[in-house]
Structures are given as C-alpha cells and as structure tokens.
Amino acid sequence: MTGNRFHLGIDVGGTFTDAVLICEETGRIDTAKVPSTPADPSIGFMAAVARALENGAVDPGAISHLVHGTTVATNSLIEGKTPKTAFVTTEGFGDMLEIARQVRPSLYDVHFEKLRPLVPRDLCYEVPERLDATGSVLKALDEGAVREIAAALRTHEVRSVAVCLLHGYANPVHETRVAEILREEAPELLISLSSSVCPEFREYFRASTCVINACIVPVVARYLAGIEEGLGRAGLEAELLVMQSNGGVLTAEQAASKPVFMVESGPAAGVVSANFIAGRLGHADLISFDMGGTTAKAGLVLDGRPRVTKEYEVGAQAQPGQGMTRAAGYPIRTPVIDLVEVGAGGGSLAWVDAGGGLRVGPRSAGADPGPICYGRGGTEPTITDANLVLGRLNPDYFLGGEMPLDVEAAAAGIRERCAEPLGLDPVEAANGIIEIANATMINALRLVTVRRGNDPRELTMVAFGGAGPLHANRLCMEMQIPTLVVPPSPGTASALGLLVTDLRHEFSRTRVMAADAADVAGNGFTARIRSLFEAMEEEGRRTLRREGVAATDMEFRRGIEMRYAGQSSEVAVTLPGEAAGDGTVGGLDAPALADAVRRFHAEHERAYGHGYPEEPVELVNFTVTAIGRIARPRLPRIGSNGRGISDTQRGTRRVFFSDAGGFVETAIHDRAQLSAGHLVAGPAIIEEVDSTTLLHAGYRAEVDEFGNLLVSPGGAP
Amino acid sequence: MPQPESRTASSVDPVLFEVIRNALVEATEEMSVTLQRTAYSTNIKTRLDYSCAFVDADGRMIAQAFCQPAHLVTIGRLVPRAVAEYEAEHGEGTLGPGDGLLVNDPHRQASHLNDVFLIAPFFHEGELVGYVANCCHHVDVGGGAPASIGAFREIYQEGIILPVVKLFDGGRLVGDVLKLMLANVRAKKEVAGDLRAQHAANEIGLRRLSALWQRYGPETLDSYMERMIEYSERRLRAELAELPRGEFAAEGCLDDDGITGEPVHLKVRIRFDGSTARFDFTGTDPQRAAPMNCNLTQCFTACVYVLKCLVDPDIPLNEGFYRPIEVVAPEGSAVNVRPPAGVVGGWEVAMRLCDIMFRALADPMPERVPAGTKGMICHVGFGGEDPATGEYYCFLETLAGGYGGRHDADGPDAVQTHIQNTQNAPIEETELNYPVRIHEYSLVPDSEGAGRRRGGLALCREYEFVGHEPTFTTLADRARFPAHGLHGGCDGKVASYRLISGGDARNLGSKATVQLATGDRVRIETAGGGGFGPAHERDPDAVLRDVREGKISRARAREAYGVAIKPDEWAVDLAETDRLRGGRR
C-alpha cells in the first residue's frame, strides 16, 4: 500500500470508540471498534487508531487527514469535573448565574432542585461599568476594580474566567479592556469573553455560553494536547482536526480556545454522515435516524444542509410531552446540529406502571448490566430483549457472534415483568414494548418534521447505529417516508461523518433594526449591514488562513435572523446568490434584502402555519459561516458479485410480525454476500456484524452501487 | 396498588392506549410551540404565561400542554360553560368549523381579565368531537392602569370584559369584535399579535387532531379517551388510599385587600378519606370590593395543584384527575367571588392558598411538604408614552422569590413557586424594547427563613425610567406576613416595595399604582422562603458555605444558626459554635 494516503476518523462514544480509515486513492474503507475508556478517553482513542492502522495495514506516516469527534467537553460538565472558574459581570448583576431563568425544571415536584451554577457565588465578581442597549457607555469601566478582581483570582488560584458585561454584544469595548487588564495582572489566566464567544443579546444565555466555554477550556486544551502528543509518538503527523456541534471541523488549536463550539461533536458526525450517504444518491432532504444503546436521535437535513439550532441545553435530554418547560440543562447559544434525542435505545427498560400501563424508557440498562439477554446480571427487560424474543435478532450472531444472547432469559424476564401483570403472553408483551418504543421514536421524528413544517413524505431516511436498521422500516411505514437508506456497517457509519465535512466557523452579531429601512435609498442602511458582514468575514478569513486553507477553498455564507417586530423568536434566512471572487455569498442591495424578507415570511408560514406579510419585520442577528473546503474521499462503487439472491441467504427463522398477526418463517440474508443489484423482498432479515436490518412484508431492499440497502414499498421482483 | 388492566375487563390494547395518549398530548404541545414562537408580548413569548388544551365534546379535559400550572383546570372548567352559554343564546349546533370563541370574564369562570381564552370546536366528518383552546395572559386589557393590574374596587375598572363572543366565524375574523377590543387596550400591537398567535395555535391543534381522527377513527378514539379518564381517576384514587386519612386545617392572611388596609383571612380544612380529597374553605373572609378575590376556578386550580404535588407526578392530568376532588368554597367569599367584585388579584389569592394548604398537611406529611414560599405572583407592571417612538407601551413581569425548605433539602433561591413558573425577561431585551433601565437584579442575602434546611433567598430588582413619566404598579403581597417556617424552622424575610425619588425612599406597600417622575427608581425585594426544622440543627458546614458564598452574613450565622466562623480562615469555630448552640452541634 506504499505511496497511498489515508484519511482517519476517530469517534469516541459512551460505550465504544469507532475508527474509520479511508484510502484517498482507492476509496477503500477499513473500520475498527474498541471499548471506550471514560477515565482517560485518549487511551481508547489511541487503541482505535492502532487497530484501524492494523486492520488496513497502513503506515502511520500515510495518514494525511485526521478528524476526531468527542463528547469529552460535555462529559466534563455533566460530571462536574471542570477546574476552578470565575465569572465577571456588570455591577448589580453578579447573581445572573444563580437566578438563571427563575423557573423550576419540573412543575409538580416540590423536591425539585435548581440547576447548580457552574461558578459558585463567591467566584462571581461585579465590576462598576455600564453600557446601554445601543452600546453607548453610560458609566466608564472602573479599572482599579478590575485589578482588584485579578488579584482575587490569583489568591483563589482560578484557572479560567468568563467575562460577560451587560450589553457587551453591542459593544465589546469594556470586555476587551477587562481582558487586557486581567492579562497584565494575571498572565496565567485563561480568559473567555462573551463578546468573542457569543456576541448575541439576552444576557443569561450569552453568559451561560461564555461560562461553559471558560469551564471546559482547560479540560479540552489538556485533552487535545495529550492526544496530539500520543499521535506524535505513534508517528502520525497529520494535523488533528475536531468535529464541532455545527457539523463542521476546526483545528485542534481553534477547538482548544472555543470548546463550547464542540459540545455536541459526536452526535453531529452522525447527521453529517447521513447527509453524505444520501447526497451521493441525490437526496438532499432527509432524516438522519441514529439508534444506539441508550437513546435514539433524529436529525433533519434540508437542501443538503443539516438543520442547526441555537437553542440548546447541555445535559438536558429532549423528551416529547415535556412541553416548553426547560431549564433542565445549561443553555448555550452556539450553533448545534438540531437533534431530538429520546430515551429509546436497545438498552431502554420496559415496565408496567402503577395504573396498569406498559411503559418503555427513558431509563436504560446501559452497557452494564445491559439487557437480560446479555447474561451479565440484567434483570429488567429492554428493547433488545423484546427484539430477541420476537426472533428479530440472531442469538448466535450478535456482534458477529462475539456475544451469544440468552433468548430464554429474555422471554422469562418479559413474562414476569410485563406480560403477566398485563394478562398478555410474552410475545404480545414483547411486541407491545417494540410498538411503544416505536411510538416514542415517531414522536421524535414528528418533532423534527411535521412540528417544524416539514412533510415526511418528501424526505428520505438514513438509518444507522447498531439498533437503527431494526426499527427504521416500521418507522418509515408509520411516517409515510418513501425511501429508507441503510448504509454498510451501520454501527460505525456515524464516524464516517468526520471525514466528509469542511472546516467551518460561525460568527454572529446582534443589531436590531427595522427591515423596511432597506427601502429608504441612501440612508447608509445596507452599507452598515455590509460592514458588519465584512468584519465577520475578515475574522473568518484570518482564522481559515491560520488553518492553512487556500483562498480559493474559502466560502462565506451570509445569513440574517429575522422576526416580526415585537416577536422574540427569530427565523434564520440565508442571503441568496452565487459565490463572489472572494468567496462571499449573498448580495446586499435593496432587492436582495427584500427577497430575504419575502423568504422570511414564507419560512415563518412553513414553520408555524401562518405568515403575516403585512406586518413589519425586524432584522436581529447577522451571521456569517466561514467554510474552508476539504476534498471528500472518493468511495468506490461496487459491482455485482454474480451470485443469485438465494446464495446470499443463510436460512430461515421464525420472526414475529404484528401485521401478519404472528410468527412468519422469514428468510435471513448475509449482508456480506449482497452486492450491487441484489433485491431482497420482505419479510426478511439482513444480518451483518454490527447491525441487523428488518424488512417488512410489502417492502423490498435493493442494494445500490455503494453497498447501501435502499428500502421502499414494493414486492418481490 | 390498583387492579392491573385485565384483558377480559375490556378490549383495551395497552399499547394503543399509550400511543394515543402520547399523540393527544403531542398535539397540544405543538399548539404550545406555535403560540410561543409567534406571540408578540414578552409575557407570552419569553415568560411563557399561556397554556393549550384539548377537551372532548362534553367539555371534559383530555390532554393539555401547559407552561403554567395556574391554567391547569381553567380551560376544562371554562369551555363547557362558555359553549353552553353561547348555544343557549344562539341555538344548539350554531358552532361550526372555523369558529373561535373569545372569553375572559372571571365571573363566567375564566380567570382574571388578562387571561384571554380562544376556543375552537373540532369537527370530524361533520360531527363535533371536542374543542381545542388556549389561554394567554395579555399584557394589557385596558382598565385603570397600564398592564391592567392595580387595586380597583370592581371588575369594570379592571379592563374590557369579553363575554362569550365569536372572534372567528367560519374561518373569517370578526373584525368588529377585534376592533372593539383593540380600542379598549393600551398595547394594541402586542394584543393583536398575541390573538393572531392564539388563532395559529388552535389551527395547528385542529390539523393534528384531524390527522389522528383519520388514522384511528372516532369509535376507537372515543373509547380510548374514556379509558384515559378512567386511568387517571383510578391512579389518583389508588394514591389517595395511601395518603394519611383525617382532617387537616390551616389558615393565613394576605397583607391587605388593596383598597382597605385590612388583611384578608384565608382558611382551609382538608379531608382525605382514602378515596376522595375534600378542600373546605369555610371561614375564609367574605369577598371585598377590592382586587384580592379569586373565583371558584382559581380556587379549584390551587387544590388540584397541591394534590398533584402529593401524588405520583406521572398521573396524566385530565378530567379523571378532577373527579375525586371536592371543593367547598362559600359563594361570596374571597375564594369564590360574585360580581361585581374585582378579581385581578385572584391568582395572588390562589397562590397563597397553595402555601396554606401545604401548611395544613405539614404534620401528617412532613416529608412531602415544603415550608412557606414566596407565596405570591408578584406582578410588576408599567407603561406610558415611549419617548423614542411616541407610542404607548405596556410591560408586565412577575418576580421570583425564595422556595420553602424541605425535609431533606434547602429551599432553592430566587425561583417561581407553586402554580406559577414564568421565566424572567432578559434585561438586555427589556432595555432594548422599553424605556427602562434595570440597575440591579440580585439575591437578597439574609432573606431566608433559617432552619435545618433553610428557605430560599428572595430577589431584588431595581428599575429606573428614562426620559418619561410612566405609571408603575405592583400587585403583590408578603410585605406583612412572611413565608412560614415548619417544624421549628424560622419564617422568611418579608418583601419590600420602595420608591426612591431624589434621595428619598418611601414604602409603597405590596399593592400600589404610582405616577413616576423621570429618574425615579423603584426597588423591589421579594420574600424569602421559610425554613424547615430548627436552625441550630443545621450542618455548620452548610452555614459556612452560605457565609462564604455571601448568601448569609457572619452575624446572621451566629445569631440565627448559632454557628461561629473563624475570623481569619474559612472554617467553623467549633468550640464557639458548641457554646452558642448550648453544647449541641
């Protein structure tokens, strides 16, 4: 293999660390899966690197591109393992983090606890100064007070500090000066400024974003430095890139200074991967469905772009039925690929509640003890146990046969815990568990589709994760999603996303102004907006240049977040247009703005059922996405292996289908034997090492030239 | 333990049951998201003061998504009444697809006038199936002061009264009704925008329900809705069987009624008999010609809320949950008001009822009941002519306070309590949109009720008005009667409402409407929560942490908790603490 160059992606998850290795020249893919090492994730990381290199027989020096997805940032927050961090704000507002949103996370629980602030009150400092909402200085900064704070921070041995002054989004002058003074007085401090991390209004959310950044800067910087050192020792010289929550990558150096942008690094990779897989098939609008051991995650891609949200809470799991009651996690206002996560994974528990209702999730048996059928001490039935009892999983071919499953124990557990209390037989109960889990997942799918005004009948689903392909066909049936794509090796498909994306940096500024000012010629309105965009683009250009991106590979996308004057929820609209010579996209003359406003009305109508074209519109946030294009690996197309479809069959098994009202003798196919052009008719099961695809009657799966299973309604050929 | 569902008892499929139940709640959640995202007033879009629900053709609550527990029974009680009244006037069956009924009259069992309800009938294949409805607290509905809060004698001073009228007729907006309403309110843009959002939310709800009815058919859904009601009732009765039986009483007072200085006396006797819960308010003061009265719906809401907190939070709230509850509230009293008394302080009354009901249950259920809380809604409203735009603006917010200590945990600081869970409005957004400057938003140290588990701290908010002379109102309480401590815990600190004008400060009391001058400031400190258990039993290290974090002073640590902190390091002076505590640490 000498001479060839390789791309390597490493995705550290809660249970497993996955590696994907792609040859730049041939497109050949090798994968590896090793257990994660939560105490020091870099051990699992290096083990996955070594295993992947070994599987591909590749020399470390041949790695030309290296990308990492990780949950280390989130985990350190959730586990409270962040170093001593302080908070500096305007006099009168030092309790911003304590007060937070002044609400309870649950309505009827008198034993509730408010979220513990990430900075204790005695490390929250107030500095005399004040700006107004336009950014004008009402009260000058008291520099002496800042110097006193610096001294206190040294006394308390604070490592990292977040600075968020009132209206700092409108004018960074005081925050910048605070940083200068702190740097003079305490050069060892790591400083996060709200005007740099997240210059948007609404102080608590900006402060929270900035504080989270400050808390994880030391952790992430140390973690990434450790990994870079390990890579160096192993002879890997490629620059380490890190996946961000927005689906783009950035250099480890950038990630270490603004780690709040990578809190959802791992899950984002899955959506990017789904987008890549479907994109090659010409599908631009899709649902990514990733079902693993503890949760199922649904994401949305429209027009080839993953949907991104700025309303995210670290450490809070979305649950349908919870309504608007939030404040269960720490809010951040950086772009995060929008995922709805529900507690329905293979390990989710099933039980009967006090009122005689059958319930599934969100509690999970996790990896340890795991489902009953793992035989590792689990006593409560899970979704995996139900799938096994229904004949959908092969007890002798789980993880390629590495882990035999105990069908008897699973059936006994379901009988005792679910079937008998309900007067059902174990198979009916097992089917009930699956139906309820499916209903939960359908709610998640509804949240990302119909609730946001997207018709599922116009979308394609890409299903992956170990358990995804087992449920996806049924979910598509219920949601009337016409096409389902199951990629090869669904268990590691998420990691592929690391290698098929670009460098990406997001910038934003809040300037609230009336959109109709754009109609007034010569008032400098568009010039003001243009200079806002240009300043952000310049920042993006500088960052990309530092990351070694050639000017011809840069692109800058402009967007405006708008609302009807008086509303508080903005809708994002991108400015249309072709890329100019300097890579900027989005015209800025009056017609272009008017067009953007028109699209805002349309988008509002799509999302909420009503648009009000006669109502005045406000421009609120201006955004620039700076992109440094990275060449995608060319994956090879596969041909036909010339085998008849019956040669790919391993035999038959009795599998339960509710539509058939019972067990059906079902063909079992070996995915490794399937090649382009093969057509499998449902009912059928397609088994591979890290996943199982369930195909219902009335559906068929066609193998395409990339090795995907394309599942759609239709009978045998 | 109730009898589990048996197969022979009915043809209910437990799986379909769960699926349909979730789908119905999900439909109301979608209404909720739409309402919040498209609303115009801070009160709805940021503070989430609204709720959405689906009731069946008989007016029985089936599913609801709510942000505010306060609204949790109102829609279910109001809808059947409003529809019956409308049909009595216009003939049965006069409601059709695309209609929308508007109502806010507390004397028709809505809540206070600010809470405006929009009700839309839901038809499937020409048959009436039920109603979607939502309730929004509008920032202004006219009346004697901006934000329509203030101390008035009768309802006619509180704002425009909407009896049951059609705002939508066969899908068309009834422009005259809207015009009449907008002519009577100050914040016209917000009110019009919020009404639009209410309509959009109902439309979304109807769309989702139609899909459901098409999918499962009316027979199946009817039978499952019936089962859902039975399910909630069965689970609640099973819980009631486990609650301590007997009669438990408590009483308490509101500062005053807002017009006279006389406290309003509230009294409750709660009886649990193993399968029902009876809340008897006999002995409560007669209603006043003043704002501090609530109607029967608001009173019932407080009872449902308290019971819901005592049982498994997982029990779905629907008509079945209400069935085992009996409320006895003398007509013409402060908890079951008759026209034409004022009602704008009704939620203040209902909120205090929650504290008093928990107090009644403190002895039989010490582990389930918190000490007294902030115990008020704490409305703050202001408005006037915005010097920047020349337009009339209105602003309303409600301030949090301390929660009560619990047997195993301190009361959280600065949080909304009981039937209220409204978020705060961001200061930056408020200053951007309104001619006000906020100088302080902080915890109030030493405001907690001391205890083994201390109460939560109150919060402080200080306002200054820029370039104009607004009208400012507080409609609140707790300036005289503190949040009670439990089981030897101390009471919390009372609230204060002060006007600072040219160096002078004067107390406004908890209910006041004042005309401010440019540069005047108003400083509000809300109430702290009550403590739980004797303060001298508090872990000295917990006291140390509070002192270190500046939540309580050293002097208070010593006086209230008997804990001495060493002067030169962050450590408890054990010998001195022993002495202060009389040998018991």
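Trainee: What makes strands β24 and β36 of chain A a pair?

Mentor: Two strands pair if DSSP finds at least two bridges between them. The model is predicted: local features need pLDDT of at least 70, side-chain atom pairs count only at pLDDT 80 or more, and totals for chains, interfaces and linings use all residues. Residues are numbered from 1 along each chain as its sequence is written, while chains are lettered from A and ligands numbered from 1 in the order in which they are written.

Trainee: How many helices and strands does chain A have?

Mentor: Chain A has 16 helices and 36 strands.

Trainee: How does the radius of gyration of chain A stand against that of a compact globule?

Mentor: The radius is taken over C-alpha atoms, and the globule rule is 2.2 Å times the number of residues to the power 0.38. For 717 residues the rule gives a value near 27 Å; chain A has 26 Å, which therefore agrees. Its C-alpha trace spans about 80 × 60 × 60 Å along the principal axes.

Trainee: How confident is the predictor in chain A?

Mentor: The predictor's confidence in each residue is pLDDT, on a scale from 0 to 100. Chain A has a mean of 88, with 93% of its residues at 70 or more. Over residues 318-325 of chain A, however, pLDDT stays under 50.

Trainee: Why are β8 and β11 of chain B called edge strands?

Mentor: The open sheet has 4 strands in the order β8-β9-β10-β11 (chain B), with mixed pairing. Strands β8 (246-254) and β11 (325-328) of chain B each pair on one side only. From one strand to the next, the twist averages 15°. β8(B) is antiparallel to β9(B) (residues 264-272) over 9 bridges, and G246(B) stands opposite F272(B).

Trainee: Which helix lies across β8 and β9 of chain B?

Mentor: Helix α9 (residues 346-360) of chain B does, at about 140° to β8(B). Helix α7 (residues 296-310) of chain B lies across β10 (277-280) and β11 of chain B, at about 140° to β11(B).

Trainee: What makes two residues a contact, and how many residues do chains B and A bring to theirs?

Mentor: Their C-beta atoms, placed from the backbone, must lie within 7 Å. Chain B brings 75 residues and chain A 59. On the chain B side, α1(B) gives the largest share, 16 residues.

Technical notes
Helix = DSSP H or I, 4+ residues; strand = E, 2+ residues; numbered from the N terminus. Axes fitted to C-alpha atoms, helices over the stretch in contact; angles between N-to-C directions.
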